[in-house]
Amino acid sequence: MPEYDLLVLNGLVVTDNETGEFDIAVKDGKIAEVVPRGSLKAHTASKTIDAEGGMVMPGGVDAHVHLDEPPLFGKGATADNYETGTRSAICGGTTTLITFAPQAKNQPSLLACLEATHARARDNCYSDYSFHLICSNAGPQAISEFAGLRAAGISSLKIYMTYEALQLKDSEILDVLFEARKQQIVTMIHAENGAIIDWTIKKLEEKKLFAPKYHVTSHPPVAEIEATYRAISLSDFIDVPILIVHVSSPSAAQHINDAQRRGLPVYAETCPQYLFLTRKDLDKPGFEGAKCVCSPPPREGEQDHEGIWQGIENGTFTVLSSDHCPFLFDNHEIGKKTSITAEHPNGHFRYIPNGCPGVETRLSLALSAHRLQLQKFVEVTSTNAAKLYGLYPKKGALVPGVSDADLTIWYPEGMKEFTLKNEMLHHNVDYTPYEGKTLKQWPRYTVLRGEVVWAKDEGGLLGKKGYGQFLKRGVSSLAGSRSKEEWNVEDF
Ligand SMILES: *[C@@H]1O[C@H](CO)[C@@H](O)[C@H](O)[C@H]1NC(C)=O
Ligand SMILES: *[C@@H]1O[C@H](CO)[C@@H](O)[C@H](O)[C@H]1NC(C)=O
């Protein structure tokens with residue numbers, strides 16, 4: 001009997017807090033040893049990977065992914081289900097996804113939505129997974145179920161300040177935050193002012209401006225900036241941690257940075273579309289720009305990208321997620337082209353399903369940019385998501401005897417270069433917004449709980465549907481409410 005199941009030798013191991021020439025031994029799906037290079041020479045294993053000096057990191061954790069969601073508003077349905085979405089994830093080096101379990105306005109129960117989402121995911125996943133509940137009906141039943149969600153291993157919720165079908169009023173947001181504080185739940189907030197967006201859409205329609213590029217115009221930065229500041233104010237009032245999802249505007253990030261300096265538990269997320277796309281990507285001939293319609297939209301250009309990169313570097317952003325929200329492009333029934341009618345042959349921007357695919361390209365895009373320190377890269381693409389959402393140090397770390405053996409192993413620096421093509425990807429979407437982009441890196445191997453599930457040059461996808469497990473999550477290990485006392489209205 002070999003001593004270990006897997007050895008990963010000659011890697012440059014990078015975690016959020018350490019970089020070094022270490023060899024790794026894996027046993028029973030867990031990290032068993034992380035020791036100086038060469039120390040495992042005398043040991044036997046069922047399988048050995050020679051990393052040849054390439055980087056070895058904890059598997060990616062992507063905490064913002066939409067899969068198999070029932071259409072909640074308008075036309076359009078997510079192109080990826082749990083099978084194709086989690087398959088795409090592991091081929092891009094991501095071993096854990098946190099997807100969404102959405103509640104519609106006419107559904108009073110969150111626990112029922114959790115059950116329905118479990119049924120869609122069960123036995124279908126290639127990666128490990130958990131869910132954030134989307135709360136769009138914050139009635140008494142939903143609020144009373146927060147404790148039940150915690151018992152079921154769910155420690156985060158998402159709410160919306162925009163989209164008629166999902167939007168909560170400020171008083172409902174306070175109801176959610178108040179109970180979230182009691183139950184130690186992290187609330188994710190889509191911070192855009194729905195009224196500003198709807199009003200601007202009407203102004204564009206009055207002028208008969210319908211092209212995809214007007215999606216950007218209809219989501220002005222002020223809508224994001226105002227809602228971000230309001231979300232921070234509500235969280236400050238209740239004294240409860242929040243995460244502002246998919247921040248696109250450096251001015252919104254400035255509000256978050258100010259809140260953090262004041263010691264508030266305000267966290268933030270950004271996504272590759274705010275680092276690599278601009279409004280020009282929506283201004284292409286015909287309907288092509290629809291591929292990059294997402295909300296908030298990509299902003300002006302270089303300066304915005306620079307502000308977001310700086311926010312990642314200086315810690316304003318906690319996580320870099322994909323916001324994988326996949327819609328087919330060339331499809332009139334459920335895809336982007338549902339917005340094309342006889343009246344609007346190039347579509348109408350307000351009816352284009354919002355979202356871009358990106359679960360498989362997130363890590364390679366961000367790493368190939370050569371912008372972040374390597375430990376910072378691991379922190380924002382893996383470790384911090386595990387910490388914030390109660391998965392650490394099982395995920396996001398390489399602690400012997402404790403962490404799952406989830407690894408992303410990269411090519412040795414400079415060995416390869418890739419031209420990104422949609423046909424390389426494993427999602428169920430007919431395009432990538434990054435077609436033709438040169439990438440300096442792609443995961444050579446992905447390991448999930450000790451199993452090699454992706455080996456780019458040795459068969460590609462090796463993982464099996466159904467191997468992915470549901471992860472019960474605990475409380476966040478990042479700073480929470482400042483006061484341990486019960487919230488008391490008389491304090492104000
Ligand atoms: C890095 O973090 C891990 C997990 O908390 C810890 O076990 C390890 O000692 C840390 N390493 C350093 C160099 O601080
Ligand atoms: C950090 O980044 C944020 C977001 O871009 C920015 O507002 C802030 O000024 C930066 N702080 C420092 C000290 O650079």
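Me: In this predicted model, what makes the approach of Asn-314 to ligand 2 a polar contact?

Reply: The distance decides the matter. A polar side-chain atom of Asn-314 lies 2.4 Å from an oxygen atom of ligand 2. A polar contact is a pair of N or O atoms within 3.5 Å, so this pair qualifies.

Me: How do you know that Gln-254 and Thr-316 make polar contacts with ligand 2 as well?

Reply: The cut-off of 3.5 Å applies here too. The polar side-chain atom of Gln-254 is 2.9 Å from an oxygen atom of ligand 2, and that of Thr-316 is 3.4 Å from an oxygen atom of the ligand. Both values are within 3.5 Å, and therefore both pairs count. As for cover, ligand 2 on its own has 360 Å² of accessible area, of which the protein covers 66%.

Me: Which elements give two or more residues to the shell around ligand 2?

Reply: They are α9 (250-261) and α11 (302-313). Helix α9 contributes the largest share, four residues. The surrounding residues are Ala-253, Gln-254, Asn-257, Arg-261, Gly-307, Gly-311, Asn-314 and Thr-316.

Me: What makes up the shell around ligand 2 by class?

Reply: The shell holds six polar residues, one nonpolar and one charged.

Me: Why is Asn-257 called buried?

Reply: Its relative accessibility is 13%. Buried means under 20%, so Asn-257 falls in that class. This residue is placed in helix α9. Beyond its neighbours within four places in sequence, Asn-257 is in contact with Asn-314 and Thr-316.

Me: Why is Ala-369 called partly exposed?

Reply: Ala-369 has a relative accessible area of 32%. The limits are under 20% for buried and over 50% for exposed; the value lies in between, so the residue is partly exposed. Ala-369 sits in the loop between α12 (362-368) and α13 (374-388). Leaving aside neighbours within four places in sequence, its contacts are Phe-276 and Trp-309.

Me: Why does the shell around ligand 1 have two nonpolar residues?

Reply: The residues around ligand 1 are Asn-17, Glu-18, Tyr-392 and Val-399. Tyr and Val count as nonpolar, so Tyr-392 and Val-399 are the two. The shell also has one polar and one charged residue.

Me: How many helices and strands does the protein chain have, and why is the chain called as compact as a globular protein of its length?

Reply: The chain has 13 helices and 19 strands. Its radius of gyration is 22 Å, close to the 23 Å that the globule rule gives for 492 residues, so the description holds. Of the 492 residues, 60% count as buried.

Key: Residues are numbered from 1 along each chain as its sequence is written. Chains are lettered from A and ligands numbered from 1 in the order in which they are written. This is a predicted model: local features need pLDDT of at least 70, side-chain atom pairs count only at pLDDT 80 or more; totals for chains, interfaces and linings use all residues. Side-chain values use heavy atoms; hydrogens and water are left out. A residue is near a molecule or strand if one of its heavy atoms lies within 4 Å of it. A polar contact is a pair of N or O atoms within 3.5 Å; within protein, one must be able to donate a hydrogen and the other to accept it, and residues adjacent in sequence count only if both atoms are side-chain atoms. Accessible areas come from the Shrake-Rupley method with a 1.4 Å probe; for residues, only the protein chains shown count as cover. The radius of gyration is taken over C-alpha atoms; the globule rule is 2.2 Å times the number of residues to the power 0.38. Buried means under 20% relative accessible area, exposed over 50%, partly exposed in between (1.4 Å probe, protein chains only). Contact means heavy atoms within 4.5 Å.
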